[in-house]
Amino acid sequence: MAARERVEAGSRSSVRVETNGRGEANVATGVPVLDHLIGLLAGYADFDITLEVEPGAALDEVAAAGRALGQGLAEPLSAPNARRHGATVVPVDEALAHVALEASGRPLVVSNVDLSASRVGGLESDLVARFLEELAEGAGLTLHVRLVHGEQTQHVLEAIFKALGTALGDAAQPRRGRNE
């Protein structure tokens with residue numbers, strides 16, 4: 001289990017992550033659609049996540065949530081016995097997302113997803129890209145996100161976060177053998 005509280009430039013966030021959990025989430029980021037998506041991530045990863053972000057500008061809340069969650073996952077994903085990598089493909093109706101990741105210590109997001117033209121949760125920006133960049137930075141993840149197909153924004157978002165949760169859950173599991 002990892003617990004971390006972070007203070008940055010007047011912004012405050014706190015996170016608690018139990019990687020051997022039941023998939024329960026108590027999330028208050030100030031962005032309801034993000035709260036829902038992090039809840040899906042928790043459920044698919046079987047993580048218990050408590051995440052709270054002090055209110056502010058919506059994009060700042062998205063960034064703070066991604067960074068805090070990443071920092072909360074950094075230790076369990078880099079533990080000596082952790083698998084440290086995971087990959088999966090998840091459908092949601094017409095959307096199909098592929099996520100592959102490694103807790104490499106070299107933060108990088110490679111993605112073909114561009115939702116900047118979509119108004120997600122009333123935001124005029126790509127909240128997924130911002131969240132994933134901050135998550136990767138906070139956790140030290142190399143993260144590949146591929147949208148194989150998807151037309152409805154909500155389905156695309158749910159497919160990405162369900163796949164991300166499954167891949168993170170796999171990465172946090174103990175290794176069976178020593179393969180490095």
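Which residues does Glu-134 touch, not counting residues up to four places away in sequence?

**Before you start**

This is a predicted model, where local features need pLDDT of at least 70, side-chain atom pairs count only at pLDDT 80 or more, and totals for chains, interfaces and linings use all residues. Residues are numbered from 1 along each chain as its sequence is written, and side-chain values use heavy atoms, with hydrogens and water left out.

Colour by pLDDT, the predictor's confidence in each residue, from 0 to 100. The protein chain has a mean of 90, and 89% of its residues reach 70 or more. Now select residues 1-10. Here the pLDDT is below 50, and the stretch has 25 contacts in the model beyond near neighbours in sequence. A contact means heavy atoms within 4.5 Å.

Element names follow DSSP runs, numbered from the N terminus: helices are H or I with at least four residues, strands are E with at least two.

**Stop 1: the strands**

Select β5 (residues 85-92) and β6 (residues 95-103). They run antiparallel, joined by eight bridges; strands pair if DSSP finds at least two bridges between them. Find His-85, which stands opposite Glu-102 in β6. Then go to the turn. Two residues separate the strands of this hairpin, and Asp-93 in the turn has a positive phi of about 50°.

Leu-96 stands opposite His-149 in β8.

**Stop 2: helix α2**

Select residues 58-77. The end C-alpha atoms of α2 are 28 Å apart, which agrees with the 28 Å that its 20 residues should span at 1.5 Å a residue. The expected span is 1.5 Å times one less than the number of residues. Of the 20 residues in α2, 15 are buried. Buried means under 20% relative accessible area, exposed over 50%, and partly exposed in between (1.4 Å probe, protein chains only).

**Stop 3**

Select Ser-116, in the loop between β7 and α3. Ser-116 counts as partly exposed because its relative accessibility is 40%. Its side chain makes a polar contact of 2.6 Å with that of Asp-114. Such a contact is a pair of N or O atoms within 3.5 Å; within protein, one must be able to donate a hydrogen and the other to accept it, and residues adjacent in sequence count only if both atoms are side-chain atoms.

**Stop 4: helix α3**

Select residues 127-139. At the start of α3, a side-chain oxygen of Asp-126 reaches to within 3.2 Å of the backbone nitrogen of Val-128. Just after the helix, Gly-140 takes a positive phi of about 70°.

Glu-134 counts as buried because its relative accessibility is 17%. Here is the opening answer: Glu-134 touches Ala-63, Gly-66 and Arg-67.

**Last stop: the aromatic pair**

A search of the whole structure finds one aromatic pair. Phe-131 and Phe-161 form this tilted pair, 5.4 Å centre to centre with 40° between the planes. Phe-131 lies in α3 and Phe-161 in α4, so the pair ties together parts 30 residues apart in sequence. Rings of Phe, Tyr and Trp (its six-membered ring) pair if their centres lie within 6.5 Å; planes under 30 degrees apart count as stacked, over 60 as edge-to-face and the rest as tilted. Phe-131 is buried at 0% relative accessibility. Phe-161 is buried at 0% too.
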